[in-house]
Amino acid sequence: MGRMLELLLVALLLETLALTATAVSQIGDECNVDADCSSGLYCSLCAAAGDVSTTCIRSQATPSTHLPFNKYAWLTTHNSFAIEGEPSATGSILKTNMNQEDSVTDQLNNGVRGFMLDFYDFLDDVWLCHSEGGICYNHTAFQPASQTLNEIELFLVANPTEIIIIFIEDYVQVPNGVSEVFTNAGLKQFWFPVSKMPKTGGDWPTVDEMIQTNQRLLVFTSVESKEESEGIAYEWNYMVENMWGDGGMQPDSCPNRGESRPMNDANKSLVLQNYFRDDPNENLSCVDNSANLENMLDVCYKASGNRWTNFLAVDFYKRSSGGGAFKAVDLLNDKMQCGYDGIDACQARLNLMGLPYSQLVTELNTCA
């Protein structure tokens, strides 16, 4: 009898250990290491928000759904290439701001789909540089743009249903210099042509159509003349954009940046919302990318003529006190695609109706 009891106790202990081994913590639960958290989360501390213990925080975006491109929100990183701890390819010590903390490949794998890149002429090539006055120096130069573009090319090849958007702050003076760096990186095969971009508002092609034609890379430049000379879309022909830096973080205001048309210009069917500081601060970004960010979604919605943000640009995109920028993008997608929180339930309901996809897209806007 004693032996049976002993075996029973061992069995119960093993079962308890198995359950403990498979147990994972959710958002907001305390943790010690990343492995304590569920998939898509990591273990971190937001001291600026008053946290005294590490908790599980989101680190990945929700997979996409196939709706018209402009009915979608895309997580975007500001100065995606300005990564902490990365040395300059020149061998010099970098003396410039850093805005992110992991590689572009990691950003892609975590669900970032929009990338803000600064292109400069430097060392007879196009470089990613975080400088001032349109001039790149050894201490502000990160690496040739081709290295980051190669990371994006590898991702697009390996993920044939994903779409990437690149915003270029463009200081390249060499004729066709920007086009050539994309060609050399093998990215022209994915190029979404300017001819398919609506200039007077209205819907863009659906994500399905973009995937079927393999036109899954959208590139925008800050130089107007390059739309005609190189076939690169001039950003403010297609979207409105709020003020960058501290000017875009005022709690009750969402003004347009100088190059952009007013935020409520309905002839521009895309909305870009910046939410990051003039001087990036990794410690404070966990506060910036939480409730403050979510509150600004409504402010910019009203300023944009009751239109939700398509591109949400932040610094240190994984930093938050919980769901962070990932949650904010989910909220935007829910609002745009269903008008309320709960896109999965909305889509399930429409699928039960047996409607063809073209009608589903229309019905999504009135789903309640």
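Guide: Buried here means under 20% relative accessible area, exposed means over 50%, and partly exposed lies in between (1.4 Å probe, protein chains only). The model is predicted, so to speak of local features takes a pLDDT of at least 70 and side-chain atom pairs count only at pLDDT 80 or more, while totals for chains, interfaces and linings use all residues. Residues are numbered from 1 along each chain as its sequence is written, and side-chain values use heavy atoms, with hydrogens and water left out.

The helix to look at is α7, residues 282–303. Helices are DSSP runs of H or I with at least four residues, strands are runs of E with at least two, and both are numbered from the N terminus. Begin at the start of α7. There, a side-chain oxygen of Asn281 comes to within 3.0 Å of the backbone nitrogen of Asn283. Further along, α7 bends by about 50 degrees at Leu293. That bend is the angle between two fitted axes, one for the seven residues ending there and one for the seven starting there. After α7 comes Gly305, with a positive phi near 70 degrees.

Now the buried side. The buried residues of α7 are Ser285, Cys286, Asp288, Asn289, Ser290, Leu293, Met296, Leu297, Val299 and Cys300. They pack against β11, β12 (311–314) and α8 (324–338). Contact means heavy atoms within 4.5 Å.

A disulfide is counted when two cysteine sulfur atoms lie within 2.5 Å. By this rule the count comes to 5.

Take Cys286. The link is right-handed, with 80 degrees about the S-S bond. Cys46 counts as buried because its relative accessibility is 0%. Cys286, at 5%, is buried too.

Next, Cys300. Cys254 lies in the loop between β10 (239–241) and β11 (270–275), and Cys300 lies in α7, so the pair ties together parts that are 46 residues apart in sequence. The S-S torsion of Cys254 and Cys300 is about 95 degrees, so this disulfide is right-handed. Cys254 and Cys300 are both buried.

Another of the disulfides joins Cys129 to Cys136, S to S 2.4 Å. Its torsion is about 105 degrees, so the handedness is right-handed. Cys129 is buried at 0% relative accessible area, and Cys136 is buried at 8%.

Phi of Phe316 is near 40 degrees, a positive value in a residue other than glycine. Phe316 counts as buried because its relative accessible area is 1%. Asn214 also has a positive phi without being a glycine, about 60 degrees. Asn214 lies in the loop between α5 (207–212) and β8 (217–221). At 27% relative accessible area, Asn214 is partly exposed.

What of the nonpolar cores? Each is a set of buried Ala, Val, Leu, Ile, Met, Phe, Trp, Tyr and Cys residues joined through side-chain atoms within 4.5 Å. The largest has 55 residues, and Phe119, Leu149, Ile166, Phe182 and Leu217 touch the most other members. α8 gives the most to this core, with 6 residues. Apart from it lies another core, of 24 residues, among them Tyr72, Ile165, Val194 and Ala233.

Last, the whole chain. It has 10 helices and 12 strands. Of its 368 residues, 51% are buried. Among contacts with a separation of 6 or more, 67% come from residues 24 or more positions apart.

How values were computed: A polar contact is a pair of N or O atoms within 3.5 Å; within protein, one must be able to donate a hydrogen and the other to accept it, and residues adjacent in sequence count only if both atoms are side-chain atoms.
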